[in-house]
Amino acid sequence: MNTIITKMYEKHIPLKIYKKLKPYYDWELLYDFEQEMILELYNIPTDKLKELYLKNELDNYFAQICLNQIVNPKSTFNKQYETNITKIDVTDYENILTE
């Protein structure tokens, strides 16, 4: 499990998403967001994490978690940091990952 999470950390998916959605970001908040999202990976049951990883679906699954944390006004991250990024199209997360 730790190997998978380390690989996900090295991809910096939360950073890519945050920079895309909030181009004038606060650096401190940016790295807080990345750390919070990596912790979210630990909340995924081990079996599901391995399955998503082996099916090559973990990047998109994780990206969706990150987007939901930023955009959903009721998410724990949004409540804590008041990101106020709620009026965007969150269906295009695959393009965010490839840019």
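I take contact, or touching, to mean heavy atoms within 4.5 Å.

**Entry 1. Ground rules**

I note that this is a predicted model, in which local features need pLDDT of at least 70 and side-chain atom pairs count only at pLDDT 80 or more, while totals for chains, interfaces and linings use all residues. Residues are numbered from 1 along each chain as its sequence is written, and side-chain values use heavy atoms, with hydrogens and water left out.

**Entry 2. Overall make-up**

I looked up the secondary structure and found 7 helices and 0 strands in the protein. Read from the N terminus, the order of elements is α-α-α-α-α-α-α. Helices (H or I, at least four residues) and strands (E, at least two) are DSSP runs, numbered from the N terminus. I then looked up burial, where buried means under 20% relative accessible area, exposed over 50%, and partly exposed in between (1.4 Å probe, protein chains only). Of the 99 residues in the protein, 36% are buried. Among contacts with a separation of 6 or more, 63% are between residues 24 or more positions apart.

I located Glu-34 in helix 3, which spans residues 27-42. Is Glu-34 buried or exposed? Its relative accessibility is 2%, so I record Glu-34 as buried. Leaving aside residues up to four places away in sequence, Glu-34 touches Tyr-9, His-12, Pro-14 and Leu-15. Tyr-9 is 25 residues from Glu-34 along the chain, and their C-alpha atoms are separated by 8.4 Å.

Which side chain is joined to that of Glu-34 by a polar contact of 2.7 Å? I found that the partner is His-12. A polar contact is a pair of N or O atoms within 3.5 Å; within protein, one must be able to donate a hydrogen and the other to accept it, and residues adjacent in sequence count only if both atoms are side-chain atoms. His-12 sits in the loop between helix 1 and helix 2. With a relative accessible area of 30%, His-12 is partly exposed. I also noted that His-12, although not a glycine, has a positive phi of about 55 degrees.

**Entry 3. Asn-56**

I looked up another positive phi, that of Asn-56, which is near 65 degrees in a residue other than glycine. Asn-56 belongs to the loop between helix 4 and helix 5. Its relative accessible area of 70% makes Asn-56 exposed.

**Entry 4. Gln-69**

I found Gln-69 in helix 5. Gln-69 counts as buried because its relative accessibility is 12%. The side chains of Gln-69 and Thr-76 make a polar contact at 3.2 Å. Residues up to four places away in sequence aside, Gln-69 touches Phe-33, Met-37, Ser-75, Thr-76, Phe-77 and Asn-78.

**Entry 5. Helix 2 against helix 5**

Two packed helices are described by the angle between their axes and the distance between the axes. Axes are lines fitted to C-alpha atoms, for helices over the stretch in contact, and angles run from 0 to 180 degrees between N-to-C directions. I looked up helix 2 (residues 13-21) and helix 5 (residues 58-71), whose axes come within 10 Å and cross at roughly 45 degrees. The two helices are therefore oblique to each other. Angles under 35 degrees count as roughly parallel, over 145 as roughly antiparallel, 65 to 115 as roughly perpendicular and the rest as oblique.

The crossing of helix 2 and helix 5 is right-handed; a crossing is left-handed if the near helix is turned anticlockwise from the far one by less than a right angle, and right-handed if clockwise. Helix 2 contributes Ile-13, Pro-14, Ile-17, Tyr-18 and Leu-21 to the contact, and helix 5 contributes Asp-59, Phe-62, Ala-63, Cys-66, Leu-67 and Ile-70. I sorted these contact residues into 10 nonpolar, no polar and 1 charged. Ala, Val, Leu, Ile, Met, Phe, Trp, Tyr, Cys and Pro count as nonpolar, Asp, Glu, Lys and Arg as charged, and the others, Gly among them, as polar.

**Entry 6. Helix 1 against helix 4**

I found helix 1 (residues 2-11) and helix 4 (residues 46-54) packed at an angle of about 55 degrees, with axes 10 Å apart. That angle makes helix 1 oblique to helix 4. Their crossing is left-handed. Ile-4, Ile-5 and Lys-7 of helix 1 make the contact with Leu-49, Lys-50 and Tyr-53 of helix 4. By class, this contact has 4 nonpolar, no polar and 2 charged residues.
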